[in-house]
Amino acid sequence: MKKIRFTGVLALASTASLLAFLALSLSGCGEAGSGGTGAGGKTLTVGFIYVGPKDDYGYNQAHAIGAAAVKKIPGVQVKEEEKVAETADVQKTMKSMIELDGAKLIFPTSFGYFDPHVLEVAKEHTDIMFLHCGGLWNKDKHPEHVGSYFGYIDECQYLSGIVAGHATKSKKLGFVAAKPIPQVRRNINAFTLGARSVDPTITCNVIFTGDWSMPVKEAEATSSLIDQGVDVVTCHVDSPKVVIETAERRGIKTCGYHCSQATLAPNGYLTGAEWNWEKVYTDYVNDFKAGKKIPNLVRGGLKEGIVKTSPYTGQVSEAAKKAADAVKAKFMEGSFVIYKGPMKDNTGKMVIPEGKGFVQTAIELESMDYLVEGAIGQ
């Protein structure tokens, strides 16, 4: 039941006036648990849940930018919760959004939310649509009111590699990475391959910090790479802020990740690999509002508009722009293949033979367990 507060003026009103006020007030209330009302019917309430702060200049901020775009859709209200751990806490947050806020569509944005947390809450709330970031939905295992999405951001990393390859003078690039999982290796390999398409003598030194958010280790790794002669660095961690700021203080160039960090490095930022969640989330919400069937699995790259590159800064040469844009045009056509033979790993082993290539949807890329030739690290 909704509580109605009375001002001092109302408290002094006659009983008849008070009853009239109550009747008018109650007639204007939405149903319990709904998101309220809007033009043409009920407002759709959409929930977004983040594992870290919304202003982290990284993974969570990229999703929050997408949520901000959803807020502009008429008839939609957005509920957000940040710093929610990948534990039972996220189950409580989802239930609160459903039961108290009336959310009908929920975006749990962190990879570790899916199993068991999203799946557990989905069992109890079969009338709610859960769309999880990670590309984990499986038609043989998971329910129809759950879905997932992800993007081929290694395409943008390849383009960043081209730009970095043109910018480096030492021919030594650096990559600060969180964990050696296939998605991270794809980004390292794509960045390295892009750079070596410019100059095959370029190398990329890789340091793994061990986890997604390790600010002290990220700063130490960046400084260590610079001490080894690296003059362009990028990363795959939750928040690139520390890496970018450390590199800027040390006077080297940077390529960003997740969203743009250009404001953090006015002297060194070149470009970056970004998620385009604005398009993904607004497409989902508009389709949901229109009553369309929501696809359970959405994946794509530059061509599909799921990822994008940061605008080039003034630090990027015309030659670099021309080279990167030429490859980007091929990505947009769907004709460019990053992983094609002959390709060796950094131990000299042939991992893709001559005449063979793996397109982005190839299942072999989902289990990538190597770093390519030119990437220094294990």
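**Fold, charges and rings**

Reply: Eleven helices and 19 strands make up the secondary structure of the chain. Keep in mind that the model is predicted.

Me: What share of the residues of the chain counts as buried?
Reply: A residue is buried when its relative accessible area is under 20%. The chain has 378 residues. The share of them that counts as buried is 49%.

Me: Of the contacts between residues at least 6 apart in sequence, what percentage joins residues at least 24 apart?
Reply: A contact here means heavy atoms within 4.5 Å. Among contacts between residues at least 6 apart, the part that joins residues at least 24 apart is 66%.

Me: Is helix 3 mostly covered or mostly open, and how many of its residues are buried?
Reply: Helix 3 has 13 residues and spans 19 Å from first to last C-alpha, close to the 18 Å expected. Its buried residues include Tyr 59, His 63, Gly 66 and Val 70. Helix 3 is mostly covered, and the number of buried residues among its 13 is ten.

Me: Which residue forms a salt bridge with Lys 54?
Reply: Side chains of opposite charge can pair when their charged atoms come close. Lys 54 lies in the loop between strand 3 and helix 3, and its partner is 26 residues away in strand 4. Lys 54 is partly exposed because its relative accessibility is 30%. The N to O distance is 3.4 Å, and the partner is Glu 80.

Me: Which residue pairs with Glu 124 in a salt bridge?
Reply: The closest N and O atoms of the Glu 124 pair are 3.4 Å apart. The pair links helix 5, which holds Glu 124, to helix 4, 29 residues apart. Glu 124 is partly exposed at 49% relative accessible area. The partner is Lys 95.

Me: Are Arg 186 and Asp 154 buried or exposed?
Reply: The two side chains meet in a salt bridge with an N to O distance of 3.0 Å. Arg 186 lies in helix 7 and Asp 154 in helix 6, so the pair ties together parts 32 residues apart in sequence. Relative accessibility is 3% for Arg 186 and 1% for Asp 154. With the cut-off at under 20%, Arg 186 and Asp 154 are buried.

Me: Which residues are linked with Asp 154 and Arg 186 in a network of salt bridges?
Reply: The count of salt bridges in the chain comes to 18. The network that holds Asp 154 and Arg 186 also takes in Arg 299 and Glu 366.

Me: What is the geometry of the aromatic pair of Tyr 149 and Tyr 281?
Reply: Tyr 149 lies in strand 7 and Tyr 281 in helix 10, so the pair ties together parts 132 residues apart in sequence. Both residues are buried. The ring centres are 5.7 Å apart with 85° between the planes, and planes over 60 degrees apart count as edge-to-face. The geometry is edge-to-face.

Me: The charged end of which residue sits over the ring of Phe 336?
Reply: The charged end is 4.8 Å from the centre of the Phe 336 ring. The residue is Lys 340.

Notes:
Residues are numbered from 1 along each chain as its sequence is written. This is a predicted model: local features need pLDDT of at least 70, side-chain atom pairs count only at pLDDT 80 or more; totals for chains, interfaces and linings use all residues. Side-chain values use heavy atoms; hydrogens and water are left out. Helices (H or I, at least four residues) and strands (E, at least two) are DSSP runs, numbered from the N terminus. Buried means under 20% relative accessible area, exposed over 50%, partly exposed in between (1.4 Å probe, protein chains only). A salt bridge is a side-chain nitrogen of Lys or Arg within 4 Å of a carboxyl oxygen of Asp or Glu. The expected span of a helix is 1.5 Å times one less than its number of residues. Rings of Phe, Tyr and Trp (its six-membered ring) pair if their centres lie within 6.5 Å; planes under 30 degrees apart count as stacked, over 60 as edge-to-face and the rest as tilted. A charge sits over a ring if NZ of Lys or CZ of Arg is within 6 Å of the ring centre and within 35 degrees of the ring normal.
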